[in-house]
Amino acid sequence: MSSDSDAKRIASGPLPSQLVRAHATRHGAHGVQPDAGPDPQAGAPFDPLRLCVFATIALLGWLAGPAALAVFAAIGFVGYWKARRKGLTKSNCYLRDTRLVLAYLGLLLGAGLWGMYALVARLAGL
């Protein structure tokens, strides 16, 4: 076969979006027809990935205690500090303003460091 006939054969076939819908139908996505157009009513189901991430961070915090808080706060603080120096003023964080985010992370870092000090002092009997 020549490259022209290959191109014509591919061009006459289904659109890539139709292939995806056909593949999804064969593998368990019910209600999607391979030749149907996009359904504006159907949306992707909610993926609670953030909840899994939050649970994992909570587990690490529970296992590592104040050290985990200090480490995560320090990483976040350094990341926001660098981003702010490069011009980021608005964040997708709930606090929005990067100055507030830096203050929050600095407060968490201080709490983590204080918690580590208190833990060591208690274990050492001071």
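Biologist: Let us start with aromatic pairs. How many does the structure hold?

Modeller: This is a predicted model, so each value is computed from predicted atoms. A pair of aromatic rings is described by the distance of the centres and the angle of the planes. The structure holds 1 aromatic pair. Its partners are Phe-77 and Trp-81, with centres 6.1 Å apart and 15 degrees between the planes.

Biologist: Which kind of pair do Phe-77 and Trp-81 form?

Modeller: The pair is stacked. Planes under 30 degrees apart count as stacked.

Biologist: Next, the surface. Which residues make the nonpolar patch?

Modeller: Phe-46, Leu-49, Leu-51, Val-53, Phe-54, Ile-57, Leu-60 and Phe-72 make it. The patch covers about 820 Å².

Biologist: Which helix gives the largest share of the nonpolar patch?

Modeller: Helix 3, residues 49–64, with 6 residues. Phe-72 comes from helix 4 instead. Phe-72 is partly exposed, with 39% relative accessibility.

Biologist: How does the length of helix 3 compare with what 1.5 Å a residue should give?

Modeller: Count the residues, then check the end C-alpha atoms. Helix 3 has 16 residues and should span 22 Å. Its end C-alpha atoms are 22 Å apart, which agrees.

Biologist: What comes just after helix 3?

Modeller: Gly-65, with a positive phi of about 65 degrees.

Biologist: Where is the place of Arg-96?

Modeller: Arg-96 is in the loop between helix 4 and helix 5. Its relative accessibility is 45%, so it counts as partly exposed.

Biologist: Asp-97 follows in the numbering. Where is its place?

Modeller: Asp-97 is also in the loop between helix 4 and helix 5. At 17% relative accessibility, Asp-97 counts as buried. Setting aside neighbours within four places in sequence, Asp-97 is in contact with Arg-84 and Thr-89.

Biologist: How many salt bridges does a search of the whole structure find?

Modeller: The search finds 1. Here the side chains of Asp-97 and Arg-99 meet, at 2.8 Å from N to O. The cut-off for such a pair is 4 Å.

Biologist: What about Thr-98? Which helix does it lie in?

Modeller: Thr-98 lies in helix 5. Its relative accessibility is 0%, so Thr-98 counts as buried. Leaving out residues up to four places away in sequence, Thr-98 touches Tyr-80, Arg-84, Leu-88, Thr-89, Lys-90 and Ser-91.

Biologist: Which other residues of helix 5 are buried?

Modeller: Besides Thr-98, the buried residues are Val-101, Leu-102, Leu-105, Gly-112, Gly-115 and Ala-121. The buried residues of helix 5 pack against helix 4.

Biologist: How many residues does helix 5 have, and how far does it reach?

Modeller: Helix 5 has 27 residues and reaches 38 Å from first C-alpha to last. That is close to the 39 Å expected at 1.5 Å a residue. Gly-125 follows helix 5, with a positive phi near 75 degrees.

Biologist: Now step back. What pattern does the whole chain follow?

Modeller: Read along the sequence, the pattern is α-α-α-α-α. The chain has 5 helices and 0 strands.

Biologist: What share of the residues counts as buried?

Modeller: Of the 126 residues, 12%. The accessible surface comes to about 10,300 Å², and 68% of it belongs to carbon and sulfur atoms.

Biologist: And contacts across the sequence?

Modeller: Take the contacts between residues at least 6 apart in sequence. Of these, 37% join residues at least 24 apart.

Technical notes. Residues are numbered from 1 along each chain as its sequence is written. This is a predicted model: local features need pLDDT of at least 70, side-chain atom pairs count only at pLDDT 80 or more; totals for chains, interfaces and linings use all residues. Side-chain values use heavy atoms; hydrogens and water are left out. Rings of Phe, Tyr and Trp (its six-membered ring) pair if their centres lie within 6.5 Å; planes under 30 degrees apart count as stacked, over 60 as edge-to-face and the rest as tilted. Patches are made of residues with over 30% relative accessible area and no salt bridge: like charges are joined within 9 Å, nonpolar side chains (Val, Leu, Ile, Met, Phe, Trp, Tyr) within 5 Å. Accessible areas come from the Shrake-Rupley method with a 1.4 Å probe; for residues, only the protein chains shown count as cover. Helices (H or I, at least four residues) and strands (E, at least two) are DSSP runs, numbered from the N terminus. Buried means under 20% relative accessible area, exposed over 50%, partly exposed in between (1.4 Å probe, protein chains only). The expected span of a helix is 1.5 Å times one less than its number of residues. Contact means heavy atoms within 4.5 Å.
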